[in-house]
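Take a walk through this structure with me. Begin with its core, then move on to its sheets and its rings.

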Amino acid sequence: MIPADYADLAAKFPDETVTHAYVRDVELPGAGTLALVTLDNDLDHRRPTTLGPNSLVELGAVFEQLKARTAAGSLAAVAVTGKPYYLAAGADLSAVGRLATEEDGRQMARLGHDVYGTLSGLGVPTFAFINGAAMGGGLEIALAADYRTVSAAANGISLPEAFLGLIPGWGGVYRLPRLIGPRNALKVMIENALGNNRALKGPEAYELGIADACFEPADFLEQSLAWAGRILAEDAERATVAERRAQKAAASEDDWEQAISAARSFVAARTGGAAPAPAKLLEVLASGRGKTQAESTALEIESLAELMQTPQFRDTVHAFLELVQKRAKRPAGAPDKALAQPVAKVGIVGAGLMASQLALLFARQLKVPVVMTDVDQAKVDKGVAYVRAEVDKLLAKNRLAPDAANRTRALVTGSVSKEAFADADFVIEAVFEDLAVKKQVFAEVEAVVSDDCLLATNTSSLSVGAMAADLLHPERVVGFHFFNPVAAMPLLEIVRAPKTSDEVLATAFSLGQALKKTTVLVQDSAAFVVNRVLLRLLGEITAAFDEGTPAAVADTALKPMGLPMTPFNLLAMVGLPVAQHVTESLHAAFGDRFRVSANLQRLIDAGVTSLWSTDDGGRQVVPASTLALLEFGGTPSTAEELLRRTQDALAEEVGLMLEEGVVQAPEDIDLCMIMGAGWPLHLGGITPYLDRVGAAERITGRKFNQQ
Ligand SMILES: NC(=O)c1ccc[n+]([C@@H]2O[C@H](COP(=O)([O-])OP(=O)(O)OC[C@H]3O[C@@H](n4cnc5c(N)ncnc54)[C@H](O)[C@@H]3O)[C@@H](O)[C@H]2O)c1
């Protein structure tokens, strides 16, 4: 049935990279024959398996054939697994993004349900062996099976649909909460998805109950098959699984309500209602509560068809495919990779907030010795202790294997003497944001290290060229700007100073890639990209507040942009003094476009850390004691005026950055804001947004992007 019904849809995608479904029979001693279906697009591991219409039609046809065999009694079980590193990376977004009509979308949604439904209705026990990444539709295949195993080395297990502008509408939204309870299901579908598309590792997926068993990667398939044999043959093994599942799924009526209401608040805070998908997901989940699976299926199909036609989904697909995937993989302007030098030891100057996080990242990802220095032993000890404590937390959460935890702990050491950097290949400083201090630090480090050791700075706003100016080898200096929190923020701005050599830059890019960060080349210009854009935005909001705009109006005016947090909350998170300090650098570099707010300084002087406080009734208020510190003008703005003013300011700043050549192209600014500031994908990037709302043309006389 499946191939015939969907032939027309599949024919619309002749260029699809097809994921094939290969079948082989495996004899399970004492339990009969298991048909093992392997999903594979016959390409190397850099090309994940995805599920477009042609792939699904083929998979459906294979399941139909297996159904005939189960009906004839010749199969005891069916299992699905994937090519190395992937079960499947989900629906083929380039195909889904090109579905022209709502009816095509409906067909695509129904096709997935039909195929997965065939698997779950085979009439024999079904298994999914999650050997690697299982994203979206890839994980939903596994959820459609009766039993699941997962590899301890798998990562990339997620239902990212809400992040991409869809819902896990191939059964995930129905099945996952019933498998692992509503709270954990919403953590996966909402919190992880909207939290920058976070994915689970194998052991975490097992812990949550997504998988019934977890095996080491070395003999994952053999172990999974043997386990499947036991499930088929032994009542006790099935009873153990059933008991564990009952525990993981247990949820009262109250649990459901609380989980949904907490997720609603999370979504409102994250998207400000500007992205329709997460809200739709919650609606389907909540209303599907009392529905049968068939009724929920109908709802899922309609919701998917509707969402696929929204501009937010189209913009998301553009941002995801063109920026997050394509541009992030091939950073514009990066020199030839062949010039990169190996890095076998890393030095970090400072053991403070950023330095300790950097130590953990370098040790975990590069697996090379990392030594931190600071001005006294107590500070060094604190930095090293931070790394140890974080490793313990990761271990406890199953996000790090015991071996990796031991290795990471052993790799990180501390010293009060910069002599410890003598044999380092790469030294990064993360000391106070003060040019004189940084110059002094670099001079001290250069006196110790070898001639070909790179020197990097994590400065947020200072001139990298000025920092390098008095060194013997200024060509070895590069900016390496990470964002806080380092583990969670994917962006790394790599700053080329006037004298930075190509070899040094190439090493910086290769290192950034090894650290699994998205790297963007930026020129040595005050505050680079993300902080310059964010502080221009914050500057407009604080200026309007200072002019007399009520706090509630000022802080919600940008709601239609769907930013991950409001401006005043962002200010509090960055820290008022840090924001003020960076604004001062920007003011010095660019003048009055960046206004240093006297009110902000008053708050800093009084030790106020956030404008907002919560009153006894749980409402957000600016306390009277805070208001008493401030002086306001008499020219308040409305929310509409402030939104437009901020759009215009952003268009002006972005236009200037492009003119100055801070980055190679508008797409780099889009990528920076998405990866470094959580700018939402559904806007398609900041520059398409500014084009769409007319700000680019109003201010620069042209659009940033050709349509
Ligand atoms: N905090 C952030 O969110 C953030 C984000 C990105 C970049 N940065 C940048 O990272 C750098 C560090 O910021 P932080 O927030 O980690 O500061 P921090 O105050 O937490 O840490 C700075 C550390 O440097 C040490 N130090 C000072 N002089 C030193 C010297 N001569 N030798 C060795 N150690 C010395 C200090 O004792 C302190 O422990 C700054 O340039 C900052 O702009 C910060």
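The largest nonpolar core holds 174 residues, and among them Leu186 and Trp679 touch the most other members. Such a core is a set of buried Ala, Val, Leu, Ile, Met, Phe, Trp, Tyr and Cys residues joined through side-chain atoms within 4.5 Å. Buried means under 20% relative accessible area, exposed means over 50%, and partly exposed lies in between (1.4 Å probe, protein chains only). Helix α22 gives the most to this core, with 9 residues. Helices (H or I, at least four residues) and strands (E, at least two) are DSSP runs, numbered from the N terminus.

This is a predicted model, in which local features need pLDDT of at least 70 and side-chain atom pairs count only at pLDDT 80 or more, while totals for chains, interfaces and linings use all residues. Residues are numbered from 1 along each chain as its sequence is written, and side-chain values use heavy atoms, with hydrogens and water left out.

What is Leu186 in contact with, leaving aside its neighbours within four places in sequence? Its partners are Glu191, Ala259, Ile260, Ala263, Leu281, Leu282 and Leu285. Contact here means heavy atoms within 4.5 Å. A second, separate core has 44 residues, including Ile348, Phe426, Ile428 and Ala430. In soluble globular proteins, nonpolar side chains tend to be buried together.

Now the sheets. Two strands pair if DSSP finds at least two bridges between them. Strands β2 (residues 32-40) and β3 (residues 77-82) run parallel, joined by 6 bridges. There, Thr38 stands opposite Thr81 in β3. Axes are lines fitted to C-alpha atoms, for helices over the stretch in contact, and angles run from 0 to 180 degrees between N-to-C directions.

Another open sheet has 8 strands, ordered β12-β11-β10-β13-β14-β15-β16-β17, again with mixed pairing. β12 (412-415) and β17 (518-523) are its edge strands. The twist averages 25° from one strand to the next. β15 (residues 477-482) and β16 (residues 491-496) pair in the antiparallel sense over 4 bridges. Gly479 stands opposite Val495 in β16. Helix α19 (residues 435-446) packs on this sheet, touching β10 (346-349), β13 (426-429), β14 (454-457) and β15.

Last come the rings. Rings of Phe, Tyr and Trp (its six-membered ring) pair if their centres lie within 6.5 Å; planes under 30 degrees apart count as stacked, over 60 as edge-to-face and the rest as tilted. The count comes to 14 aromatic pairs. Why is the pair of Tyr147 and Trp227 edge-to-face? Their planes stand at 80°, with the centres 6.1 Å apart, so the pair is edge-to-face. This pair links distant parts of the chain: Tyr147 is in strand β7 (residues 147-151), Trp227 in helix α10 (residues 220-233). Tyr147 is buried, at 14% relative accessible area, and Trp227 is buried at 4%. Ring pairs also link Phe127, Phe129, Tyr147 and Trp227 into a cluster.
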